[in-house]
Structures are given as structure tokens and as C-alpha cells.
Amino acid sequence: MTQKDPSDATKYVSTDWLKLGPVADPSTREKMIMLAIEDIRDVGPADFSPMRVSDRLGLKHPLINYHFENRDGLLAEATWWAYQLWSRNVVNSIQNAPANPEKRLRAFVTEEARWAQEFSGMYLLLQHPLASFNSQKLVKARYQKEMADIFDYHLALLAVIVSDLRSGTVSSVEFDKDHLPRALAISNPGALLTAGHVAWMTHGYASWSAGHHVSTNSMEARSVAGLTVALARKTYIDLIIKVAKGI
């Protein structure tokens, strides 16, 4: 087996960094945050190593404390950065889908699961913050308002889709978090409530997609009564669509 270059990230170019955020030429601090996301993605928050981040950039370990105070500080900044990445993924999946409410919702659920699978341990930290309690206290202190605003934005997008599914209409989803369709919450509170159900069902489905589960890893090989991972995924997405439609 070829041993991985411990300072591999010194060779990263713009295309490598753009996979981890909208910054083609990141500062040293931004590089450390993005490499922390890569590390958490690969090994999870429990085994995350800030020293590995420094080594990959060929930097001295004390620079972690200089930029972030400690390991928890770096974890907190990685969480906020990844949350914004996840948010852009959510929004793009809906806004880039065909102008059809069911296709928009299917695109959202499918892409959420794909992103969760790609970012694995990082996605699980976003959705289950108690995996790193001290860093999450920092996230709450620094970014709670911004994160709540982003989540409200996602709910508004889903509420528009739910409302369209039930009324047979196609509404614009080309609004941003600073211009939410507030009237929808007043005129159709049921759509907003269902949007919450859809969001949590999707988080659960995506979290399962992100992990490596001992009990289900051999599902494909066993093919119990024709049950496959692909069929299980399709069945659950169909269930989310039915909940959204109110069936």
C-alpha cells in the first residue's frame, strides 16, 4: 500500500480547495478549516486530529492555538463552514431542479443523501452536535442566529414545495434567506409544519446514508426477500413524497 504524503495539502490547487468551499485561494486559516472538514469527514469528530491538519499543510502545530485557541475552536469553525456548504447544497438542489414540485422535492432528498455520503463524519457532526459538546457550545455562542436563519430559509423553500404539491401549482423558489415568503406561514401554516416533518425525515435518511452500519452493510449481499439498499432508498423517498402531499 502506498503511504499517503503527510504534507499532501501543500500541493492543493484552486480546484482542490473549491471542493471544500467557495474560496479558490484560501488564507492559511481557511485552509486549516477546510482540511479539518476533510479530516472529520474521513474519521469522524472523535478521532479528528488538528495536528494532522497542520502536518498536511507543513505547518507547526502551535499555529492551531494561534488561529483557533484550541482543538474545540477549530472544530467549531469547521462546523460553521460545513453548515454553510451544506446550506448551499440544499438550496442549489431545489433551485436547479425542474420547475415541478415533486421533482424539486425528490432532487432535494436525493442530493441531501449524496452530500451526506460524501461528507460522512462531517454531516453526522452537523446533525448530531453532541458528538463534540464543547465545540458546539462555541458554535452556539458564535453562530446560533445565523444558523437559525439558514434553517428557516430551508423550511420556507420546503414549505413552498409542499404547498405547490397540494395545490397543483408551481411557485418561484428564487428567493433568499433575507426575503422569505412570510405570507405563506400565515396563509398555509400546515405547509410549514409538514416542511418540518419532511426536513427531519430527510435528515434521518441522509444520516443513515452517511454512516457505515454494521447491521445493514451486508443487506445487498443477503438480499432478504428482495430487499436491497436501492429499493429501501426509493421506498423511503416515496414515503417522504407522500407525507409532503398529505396522502
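**Exercise 1. How many salt bridges does a search of the whole structure find?** Describe, for the pair of Arg 56 and Asp 8, where the two residues lie and whether they are buried or exposed.

*Solution.* The structure is a predicted model, and a search of the whole of it finds 14 salt bridges. One of them joins Arg 56 to Asp 8, with the closest N and O atoms 2.8 Å apart, which is within the 4 Å cut-off for a salt bridge. Finally, as to accessibility, Arg 56 and Asp 8 are both buried.

**Exercise 2. Describe the salt bridge of Asp 178 with Lys 177, and classify each partner by its accessibility.**

*Solution.* Begin with the distance: the closest N and O atoms of Asp 178 and Lys 177 are 3.8 Å apart, again within the 4 Å cut-off. Then take the partners in turn. Asp 178 has 57% relative accessibility and therefore counts as exposed, whereas Lys 177, at 38% relative accessibility, counts as partly exposed.

**Exercise 3. Which residues are linked with Lys 234 and Asp 238 in a network of salt bridges?**

*Solution.* Start from the pair itself, in which the side chains of Lys 234 and Asp 238 meet in a salt bridge with an N to O distance of 2.8 Å. Both residues lie in helix α11 (residues 229-245), and they are 4 residues apart, about one turn of the helix. Extending from this pair, the network of salt bridges links Lys 234 and Asp 238 with Glu 102, Arg 106 and Lys 245.

**Exercise 4. At what angle do helices α6 and α7 pack, and which residues of α6 meet α7?**

*Solution.* Two packed helices are described by the angle between their axes and the distance between the axes. Helix α6 (residues 101-127) packs with α7 at an angle of about 160°, and the axes are 10 Å apart. Because angles over 145 degrees count as roughly antiparallel, α6 is roughly antiparallel to α7. On the α6 side, the residues that meet α7 are Pro 101, Glu 102, Arg 104, Leu 105, Phe 108 and Leu 125, and their counterparts in α7 are Gln 136, Leu 158, Ile 161, Asp 164 and Leu 165. Sorted by class, this contact of α6 with α7 has 7 nonpolar, 1 polar and 3 charged residues.

**Exercise 5. How many aromatic pairs does a search of the whole structure find?** Work through the pair of Trp 115 and Tyr 123 and the pair of Tyr 153 and Phe 175.

*Solution.* The search finds 8 aromatic pairs. In one of them, the ring centres of Trp 115 and Tyr 123 are 6.2 Å apart and the ring planes stand at 65°, so the pair is edge-to-face. Trp 115 and Tyr 123 are both buried, and together with Phe 119 they form one aromatic cluster. Turning to Tyr 153 and Phe 175, their ring centres are 6.0 Å apart with the planes at 65°, so this pair is edge-to-face. Tyr 153 lies in helix α7 (residues 133-167) and Phe 175 in the loop between α7 and α8 (182-187), so the pair ties together parts that are 22 residues apart in sequence. Both Tyr 153 and Phe 175 are buried.

Notes: Residues numbered from 1 in each chain as written. Predicted model: local features only at pLDDT ≥ 70, side-chain atom pairs only at ≥ 80, totals over all residues. Heavy atoms only, no water. Phe/Tyr/Trp six-rings, centres within 6.5 Å; stacked < 30°, edge-to-face > 60°. Buried < 20%, exposed > 50% of the residue type's maximum accessible area, 1.4 Å probe, protein only. Axes fitted to C-alpha atoms, helices over the stretch in contact; angles between N-to-C directions. Parallel < 35°, antiparallel > 145°, perpendicular 65-115°, else oblique. Contact = heavy atoms within 4.5 Å. Nonpolar A, V, L, I, M, F, W, Y, C, P; charged D, E, K, R; others polar.
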